[in-house]
Structure formats: structure tokens, C-alpha cells
Amino acid sequence: MVPALLVSLWNQEFKAVYGFIWTLAAIMVTASLFLFLGRGSKKKFYAREGLACVGISWIVMSLLGCLPFCISGAIPNFVDAFFEIVSGFTTTGASVVSEVEKLPMGILYWRSFSHWLGGMGVLVFLLAISSAGGGENGFTMHLLRAESPGPNVGKLVPRMRKTAGILYLLYILLTILNVIFLLAGGMSLFEAVCTAYGTAGTGGFGIKNDSIAGYSPYLQNVCTVFMLLFGVNFSCYYLLLIKQFKSVLFDEELRMYFGLVAGSILLIVLNLKGVYGTLEETVRHAAFQVASIVTTTGFATTDFDMWPAFSKAILLFLMIVGACAGSTGGGFKCGRILLVLKSLRRSVHQLVHPRQIQAIFSNGHPVDEKVLQNTNAYLAAYVSFVVLSFLLVSTDGFSSTTNFSAVLACFNNIGPGFDAVGPSCNFASYSIFSKLVLVVDMLAGRLEIFPILILFSRTTWKRK
């Protein structure tokens with residue numbers, strides 16, 4: 001929060017300064033309390049501890065992270081402030097703020113910076129910059145695996161902590177490159193940094209009421225390219241650095257990701273014939289919104305809620321699919337979709353040839369059956385969460401389109417949905433109960449369900 005505090009001091013936003021100072025004090029007290037309660041604890045760290053620690057950490061940091069909004073008066077209602085910061089940390093971009101440009105610059109910075117922190121993972125960031133607590137007792141490995149998105153987290157290098165450092169170095173370099181391109185298009189430094197935070201974290205909090213619509217075509221195209229780049233598995237960038245070009249070129253998930261993007265853009269452009277004045281404008285808006293939705297960023301250059309039903313159906317499909325595993329994007333992930341489809345194909349094959357044993361391969365390597373089991377379990381949990389959340393928020397009386405797209409937008413960490421939660425609207429009209437349901441959806445979606453689900457399991461809290 002210190003950079004946000006400095007921005008507030010520079011702009012003489014004393015209410016925001018007051019909010020950040022009191023929040024920093026609350027963080028110090030909370031940290032001291034946790035250190036006191038954790039004194040003399042065992043150093044062994046297992047999967048259970050990793051999942052529970054990640055789930056609790058994200059809830060606690062959100063409870064503390066929303067305090068500057070409340071104390072400064074920028075978002076005086078605590079539940080609204082909590083919703084906003086959870087949306088920030090989980091890189092969802094769903095907002096309850098109607099007039100974004102009226103917020104103090106320090107608050108705007110903190111709001112956008114929460115995307116950047118949450119994109120790669122707050123605890124991954126901690127592991128990358130600090131000494132590894134617990135040594136080689138599983139602390140680093142279980143935290144990284146619990147917080148990182150995708151079916152499976154592999155090591156780029158033998159040590160997990162070094163893997164975290166490499167991931168964040170790539171993340172920082174891409175963010176800086178994004179800022180440079182935005183500055184070249186005429187953005188101010190503050191606008192470029194905040195926009196890059198939202199793009200890098202695939203979050204979508206804008207600092208303008210019209211999101212990205214008011215910027216030049218060049219800047220919109222820059223955002224399109226970088227949204228797609230941040231939706232790629234970061235392991236691919238590492239492989240490019242060590243010159244394993246063939247591995248990247250033939251990566252099945254990457255090819256599916258860009259194939260979906262290209263096919264969706266083409267179909268939407270054909271469907272939008274006559275909606276915009278020129279072909280260039282049509283392609284630009286279609287490419288931007290496809291990139292924004294498939295990477296779960298949530299920026300907008302146009303009100304896509306006014307598009308034809310077929311185009312909106314494609315965007316709804318992309319909401320579910322999401323980006324690549326190991327990226328900053330949300331959604332079900334292209335990698336999981338591939339595994340589910342391959343599992344389905346194998347099941348059909350085994351119906352015809354029941355005695356034949358067939359392995360599933362990904363990028364030429366056999367997939368562990370445990371990974372397939374986890375993928376199927378995730379699919380069941382995903383559907384259960386979406387259905388239950390849809391039923392709960394439907395008590396507010398909005399249309400089915402609004403409620404279903406709101407749940408998908410929050411659970412897949414996208415931001416805008418359709419109808420009353422479309423790109424020109426926000427989530428302020430929902431009741432406190434529905435906002436809390438959507439908060440759980442955002443946390444569960446960002447943390448891949450299980451770190452949140454495990455908190456409700458009785459066995460998690462039993463002493464061994």
C-alpha cells in the first residue's frame with residue numbers, strides 16, 4: 001500500500017492518506033497477532049496446510065485491503081468496499097462504483113495495483129522476494145501449487161522458489177513493456193501504469209468511466225495484444241528464453257487458445273456486418289472484446305451487450321473457457337478443456353474396446369491419472385458452484401440473463417456480464433447477500449475452488 005499512499009500524498013488527497021495510514025497500522029497489528037499465535041508451530045507444511053493457508057490469506061488480505069476505501073469515504077459501505085477489493089485481488093474487475101473518475105488518484109492506483117498483485121498471486125510474489133520459510137519442508141511448493149491457476153503446476157527449475165522468481169521476473173518485464181507501448185500512444189504515466197496493471201493481471205478495472213472506449217485505436221490495439229500475451233502460459237515464455245521454440249510451437253493448449261481467439265474474431269466480424277461504419281472498426285472491436293473475455297480481463301471498447309445474439313453467445317462460451325493454465329487469466333482453462341475432451345474420447349473408445357487400455361497424452365507425454373481425476377473433480381465442483389450461486393442470486397429478482405452472466409463473470413473472474421451487469425452497468429444494485437455470494441464465487445474462481453472449499457471441510461481442522 002505504500003506506493004498508493006505516496007500517490008495520495010503527492011496529490012494532497014488527505015482523506016485517502018488517512019485511510020492508508022490507518023490501514024497500514026491495522027495490517028501491522030494483524031501481522032503481529034498472527035506471529036504471536038503461530039509461535040512454536042511445527043515447520044512441516046503439507047498440502048492441507050498449503051490449501052488452507054492460501055484460502056485464509058486471501059480472505060484476510062481482502063478484509064484489510066478494503067479498509068482504505070471505507071476509511072477514506074471513497075466507498076463508505078463495507079460490503080461494497082469488500083466486494084470491490086476482492087474483485088481487484090481476484091482480477092475479476094466487477095465493480096460497484098458508478099463514477100470511477102471521481103475516486104482519488106491514490107485509491108484508483110490501489111484499486112488497479114490489486115489486479116497486478118492478484119494476477120500472478122500475492123503469495124507467489126511473497127515467495128519470489130522473501131526467504132523461503134520452512135526451508136525444504138514443503139512450504140514453498142504447497143503455497144505455489146495452491147495459488148497458481150491450472151490443472152497442474154510444474155517446476156521450471158528444480159527449486160520451487162526459483163520458479164516463483166522466474167515467473168514474476170517475466171511478469172514484471174511484460175508489464176514494463178506494456179507501459180512503454182501505452183506511453184508511446186500518448187497516455188499519461190499514471191494512466192499507462194494503471195492500465196498496464198489491469199492488463200497484466202487480466203483484471204479490467206478502468207480509471208475512466210468508459211473503460212478503454214475513449215482511447216485511440218492504437219491504444220486499444222496495444223491492449224488487445226497484451227491481453228492475449230498475458231493469457232498465455234508463462235512457461236511458454238521461459239521456454240522461448242531457453243530457445244526451446246519447438247516445444248512452444250507444438251504446445252496443444254497454446255494452439256487451442258489462439259485457434260479459439262482467431263475463430264471467434266472471424267465469426268463475430270461476420271455477424272457484426274453493418275453494425276459499425278468500417279471493416280477496420282468492426283475487426284478492432286471484435287478482436288478487443290474476444291481478447292478481453294477469453295483472457296477474463298473485462299476491459300471494453302464498446303457496449304457488446306447490444307451485439308446480436310450469436311456474437312453474445314460466443315462471448316458467453318469464451319467466458320467459460322478462459323485463458324491458458326499458468327497464465328494470469330481465469331475461466332475453466334484451455335488445458336482443462338483439452339483434458340476433458342480427451343477423457344471423453346477415451347471413454348467412448350473404451351465402450352467399443354472394453355479390454356483395451358489407453359493412456360491420454362498431452363504434448364507427447366502421458367498424463368497422470370491423478371491429474372485426470374482432479375480435472376473431473378474440478379469440473380463437478382465448477383458446475384455445482386455455478387448452479388448453486390445462480391439459484392442464490394436469483395432471489396434478487398433480476399432477469400435470468402443478468403443473474404447467470406453475473407455468476408459466470410464473477411466465478412470466471414471476468415467482470416462485466418450481460419443485461420443489468422453489462423459493460424455499461426455495474427453490480428451495485430445487487431443485495432448484500434448476493435454480493436457476498438458473488439464474493440465467494442470470485443475467490444473460489446481465482447483460487448481454483450479447492451482452497452476455498454477445503455475451509456468448509458471438517459477434516460481440515462482436525463488435529464492429526
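Colleague: At what angle do H10 and H11 pack?

Modeller: About 40°, with the axes 9 Å apart. H10 covers residues 189–200 and H11 covers residues 217–230. That angle makes H10 oblique to H11.

Colleague: Before we go on, what is the mean pLDDT?

Modeller: This is a predicted model. The mean pLDDT is 87, and 91% of residues reach 70 or more. Over residues 132–136, pLDDT stays under 50. The model has five contacts beyond four places in sequence for that stretch.

Colleague: Now the aromatics. How many aromatic pairs are there?

Modeller: The count is 29. Take Trp 116 and Tyr 171: their ring centres are 4.9 Å apart and their planes are at 20°, so the pair is stacked.

Colleague: Where do Trp 116 and Tyr 171 lie?

Modeller: Trp 116 is in helix H6 and Tyr 171 is in helix H9, so the pair ties together parts 55 residues apart in sequence.

Colleague: Are Trp 116 and Tyr 171 buried or exposed?

Modeller: Both are buried.

Colleague: And how are the rings of Phe 230 and Phe 234 placed?

Modeller: Their centres are 6.3 Å apart and their planes are at 35°, so that pair is tilted. Phe 230 and Phe 234 are both buried.

Colleague: Which residues form the aromatic cluster?

Modeller: Tyr 109, Phe 113, Trp 116, Tyr 168, Tyr 171, Tyr 197, Phe 230, Phe 234 and Tyr 237.

Key:
Residues numbered from 1 in each chain as written. Predicted model: local features only at pLDDT ≥ 70, side-chain atom pairs only at ≥ 80, totals over all residues. Heavy atoms only, no water. pLDDT = per-residue confidence, 0-100. Contact = heavy atoms within 4.5 Å. Axes fitted to C-alpha atoms, helices over the stretch in contact; angles between N-to-C directions. Helix = DSSP H or I, 4+ residues; strand = E, 2+ residues; numbered from the N terminus. Parallel < 35°, antiparallel > 145°, perpendicular 65-115°, else oblique. Phe/Tyr/Trp six-rings, centres within 6.5 Å; stacked < 30°, edge-to-face > 60°. Buried < 20%, exposed > 50% of the residue type's maximum accessible area, 1.4 Å probe, protein only.
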